Amino acid sequence: MSDRHLVIGAGPVGRHVAAVLAERGERVTVATRSGRDTGLEGVGHVALDASDTDALTRATEGAAVLYNCANPGDYTQWERTWPPLMSAMLTAVERTGAVYAITGNLYPYGPVDGPMHEGLPDAATDHKGILRAKLWGDALAAHRAGRIRAVEVRGSDYVGPGVGANGHVTRVLPAALQGKAVTMIGRTDLPHTFTDVLDVARTLVAAALDETAHGRVWNVPSNAPRTQVEAVTEMLAVAGKPPVTVRRVPAGVMRASGLVVPFMREMAEMSYQWTRPYVLDDAAARAHFGIEPTPWEEVCRRTVAGL
């Protein structure tokens, strides 16, 4: 297998994937539209529109793995941005023979009763979950047809360095560290799994490089669930800060706001994640890869330091 790897996207997962690979001594290139330097030692960078199939194919030639760490941040644009991205990546790995390693999420499972495990069907009811399920379904169909080798890993809501305003905890931490009251989505007293972006990267690399892991989804090893209040309070504690008041935005308010604010409408569709326990079952990945999640206290320290 080649020691060359192509990472699409320089967000928190892409950066961590590149760092994990570089630490292994692999040759790594991170591709973004701007080609900006991540500052990671020993990592190359290239400016690339990953939805340009021919350009992506050229960049993927000779790579052992193509890592899809892209993350179009604007929910309202997903139907426009994701299909051409995924189509180009599928074509590129089919043309070049690179393994296709996908950073997924839990949206395809949809609303569930009980912990989420890989044996559950992809039964999403909202359009973002349906879209993500289809994108994985297309890759899996190509894998089963023998056209590509594909694998997807799925984590819960991210914590860790670089997550920033896209994370439900890291979004409110800057204000909380100043002692201000913060507002979070839905119920703040229910168990909820949070996944460290470093553990996403570790699992994605392990799954990509293990041929026996291909052709299926793996849930990322994550720490025991916390409530939103506990997560914020424990992050503050490692910084030597006292707890703050944590208010909540009820799902009904989100739905009402969504009548006039498109982004809130998108968020309201996902409100089921915050109105019932939202817990990840990661037993399969722990057993197969021997990966344990980064200890929670260390996750808290890394998250706060990363701000």
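Reply: Buried residues account for 53% of the 307 residues in the protein chain. Buried here means under 20% relative accessible area, with exposed over 50% and partly exposed in between, for a 1.4 Å probe and protein chains only. This is a predicted model: local features need pLDDT of at least 70, side-chain atom pairs count only at pLDDT 80 or more, and totals for chains, interfaces and linings use all residues. Residues are numbered from 1 along each chain as its sequence is written, and side-chain values use heavy atoms, with hydrogens and water left out.

The chain has 11 helices and 11 strands. These are DSSP runs numbered from the N terminus: helices are H or I with at least four residues, strands are E with at least two. Contact means heavy atoms within 4.5 Å. Of the contacts between residues at least 6 apart in sequence, 74% join residues at least 24 apart.

Now the interior itself. A nonpolar core is a set of buried Ala, Val, Leu, Ile, Met, Phe, Trp, Tyr and Cys residues joined through side-chain atoms within 4.5 Å. The largest one has 42 residues, and L6, I8, L56, L66, W82, M89 and Y100 touch the most other members. Two or more residues come from each of strand 1 (4-8), helix 2 (53-60), helix 3 (78-96), strand 5 (99-105) and helix 4 (127-144). Helix 3 gives the largest share, 9 residues.

Look at W82. Beyond its neighbours within four places in sequence, W82 contacts N68, A70, P72, L131, R132 and L135. A second, separate core holds 33 residues, including V65, V153, V200 and A213.

Helix 2 buries A55, L56, T57, A59 and T60. These buried residues pack against strand 1, strand 4 (65-68) and helix 3. G62 follows helix 2, with a positive phi near 85°.

Last, helix 11 (residues 296-305). Its buried residues are W296, V299, C300, R302, T303 and V304. They pack against helix 1 (12-23), strand 7 (157-159), helix 5 (173-177), strand 9 (194-196), helix 6 (197-209) and helix 7 (228-238).
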